[in-house]
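Thanks for coming, everyone. Let me put the model on the screen, and then we'll walk through a few spots.

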Amino acid sequence: YVVGYVVLLTTQAVRRSSVVPMSTRSTTSSDRQVLVVGAGPTGLVLAAQLLARGIRTRVIDKGAGPVAQSRALSVHARTLEVLDVMGLADAFIDRGQRVRRFHVYAEDRDLFVLDMARNGSRYGFTLHLPQHETEMLLRARVRELGGIVEQGVELVRVAEEEGAVTATLRDVEGMETEARSDFVVGCDGAQVVRAVRQGRRV
């Protein structure tokens, strides 16, 4: 999976601490070290990695829930290696279909064959797995680590104040709240870029 934009805002270093479950709603507070914006595969992997290291993390997503359609299908060998470090590779492989060779044709001509067994990884294949299943597995890991994904919560703007990043959030009812954290990480494409431009000079 390729991230279109990742924006990191911080005014201080991350401090390690114990994992704390996240609430479904938030008022102005500074009890989260990292605010992750976007609950696609990139945001979920980041959240899981942070929570596994005892970093208090909040995850928000503008959408109503996991994607119903696949925006991506292939999980490549390097991604599987990262998932293996997270203890998730076997679960992904059990649900997916291994593709070891790609044949490329033009009309009736066989142009070339791409042999994934020669990719230099212990995972000598590309794994085909619909994105909603990828997200399901990653969300399960986030829950195991004490986290949740807050759906229907949109990042409106961000600003640096008093040694922290203050994010203005809006829920589906239009209510706005503020959340303070050491880091804001955008894993949702251009949305966080617009919020940065609205809240501060870039």
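Start with T166. This residue is buried, with a relative accessible area of 4%. Bear in mind that this is a predicted model. Where does T166 lie? In strand 11, which covers residues 164–170. Its side chain has a partner: a polar contact of 3.3 Å joins T166 to the side chain of R180.

Next, helix 2, residues 77–85. Which residues are buried here? A77, L80 and L83. Look down the helix axis: the buried residues fall within an arc of 115 degrees, so they line one face of helix 2. Here is the background. An α-helix has 3.6 residues a turn, so residues three or four places apart point the same way. Now the other side of helix 2: R78 and V85 are exposed there.

What do the buried residues of helix 2 pack against? Four elements: strand 4 at 74–75, helix 3 at 89–95, strand 8 at 126–128 and helix 4 at 131–144. Just past the end of helix 2 comes G87, with a positive phi of about 80 degrees.

Now Y123. You'll find Y123 in the loop between strand 7, residues 109–115, and strand 8. Buried or exposed? Y123 is buried, at a relative accessible area of 5%. Setting aside residues up to four places away in sequence, Y123 touches A77, L80, E81, D84, A89 and I93. Two of these, A77 and L80, are buried residues of helix 2. One more distance: Y123 and R100 sit 23 residues apart along the chain, and their C-alpha atoms are separated by 9.7 Å.

Last stop, helix 4. Check the length first. At 1.5 Å a residue, its 14 residues should span 20 Å, and the end C-alpha atoms are 20 Å apart, so the two agree. The buried residues of helix 4 are Q131, E133, T134, E135, L137, L138, R139, R141 and V142. What covers them? The cover includes helix 1 at 41–52, strand 4, helix 2, helix 3 and strand 9 at 149–151. Just after helix 4, G146 takes a positive phi of about 95 degrees.

That's the tour. Over to you.

Key. Residues are numbered from 1 along each chain as its sequence is written. This is a predicted model: local features need pLDDT of at least 70, side-chain atom pairs count only at pLDDT 80 or more; totals for chains, interfaces and linings use all residues. Side-chain values use heavy atoms; hydrogens and water are left out. Helices (H or I, at least four residues) and strands (E, at least two) are DSSP runs, numbered from the N terminus. Buried means under 20% relative accessible area, exposed over 50%, partly exposed in between (1.4 Å probe, protein chains only). A polar contact is a pair of N or O atoms within 3.5 Å; within protein, one must be able to donate a hydrogen and the other to accept it, and residues adjacent in sequence count only if both atoms are side-chain atoms. The arc is that of the directions from the helix axis to the C-beta atoms. Contact means heavy atoms within 4.5 Å. The expected span of a helix is 1.5 Å times one less than its number of residues.
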